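Let's walk through this one together, starting with the overall picture and then zooming in on single residues. Keep the viewer open as you read.

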Amino acid sequence: MPIPTVSSIQPATGPSSGGDLLRLVGLGFADAVRVSFGGALAHVDSLRREGGADIVDVRTPPHAEGAVDVVLENVDASRVAISGERVLVAGAYRFVRANVA
């Protein structure tokens, strides 16, 4: 499998409490991936191929406020990272204080 690439991360900001639905679009995603935000693992909701692109929807983890790196790693059937199949997007997501109603 080629080294994955990420062309889009939407939205780019969300609450520090986590749970925000976020979509990563790119190429070279394996059948299973692991996504982290500033070292904290996200929950992968879905992974699919659509219109020539790979799309993964994740729920953000809780994290302290601030900009963090987003890392996508291809993993094997045992959920072990595949060597060299990792992409880091520096400062791609910003956790902000959750609004209290």
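**Charges, fold and a few residues**

The mean positions of the 9 positive and 11 negative charges of the protein chain sit 4 Å apart. For that count, Lys and Arg are positive and Asp and Glu negative, while His and the chain ends are not counted; each charge is placed at NZ of Lys, CZ of Arg, CG of Asp or CD of Glu.

A word on ground rules. This is a predicted model, where local features need pLDDT of at least 70 and side-chain atom pairs count only at pLDDT 80 or more, although totals for chains, interfaces and linings use all residues. Residues are numbered from 1 along each chain as its sequence is written, and side-chain values use heavy atoms, with hydrogens and water left out.

Now the fold. The C-alpha atoms fill a box of roughly 45 × 25 × 20 Å along the principal axes. With 101 residues, a compact globule would have a radius of gyration near 13 Å, and the protein chain agrees at 13 Å (taken over C-alpha atoms, with the globule rule being 2.2 Å times the number of residues to the power 0.38).

What about the surface? The accessible surface of the protein chain is about 5400 Å², and 53% of that belongs to carbon and sulfur atoms (Shrake-Rupley with a 1.4 Å probe; for residues, only the protein chains shown count as cover). Of the 101 residues, 39% count as buried, meaning under 20% relative accessible area, whereas exposed means over 50% and partly exposed lies in between (1.4 Å probe, protein chains only). Among contacts between residues at least 6 apart in sequence, 60% join residues at least 24 apart, where a contact means heavy atoms within 4.5 Å.

Next, find the open sheet of five strands, ordered β2-β9-β8-β4-β5 with mixed pairing. Its edge strands are β2 and β5 (40-41), each of which pairs on one side only (two strands pair if DSSP finds at least two bridges between them). Strands β2 and β9 run parallel and are joined by three bridges; Thr-13, for instance, has Arg-94 in β9 as its bridge partner.

Within strand β4 (residues 33-37) you'll find Phe-37, which is buried with a relative accessible area of 0%. Phe-37 touches residues beyond four places away in sequence, including Leu-22, Ala-42, Val-58, Tyr-93 and Phe-95. Asp-69 is also on that list: it is 32 residues from Phe-37 in sequence, yet 5.9 Å away in space, C-alpha to C-alpha.

Over in strand β8 is Glu-73.

Finally, take a look at two loops. Pro-11 lies between β1 (5-10) and β2 (13-15), and the peptide bond from Gln-10 to Pro-11 is cis, with omega near -10°. Arg-79 is in the loop between β8 (66-75) and β9 (81-96); its phi is near 70°, a positive value in a residue other than glycine, and at 53% relative accessibility Arg-79 counts as exposed.

Note on methods
Helices (H or I, at least four residues) and strands (E, at least two) are DSSP runs, numbered from the N terminus.
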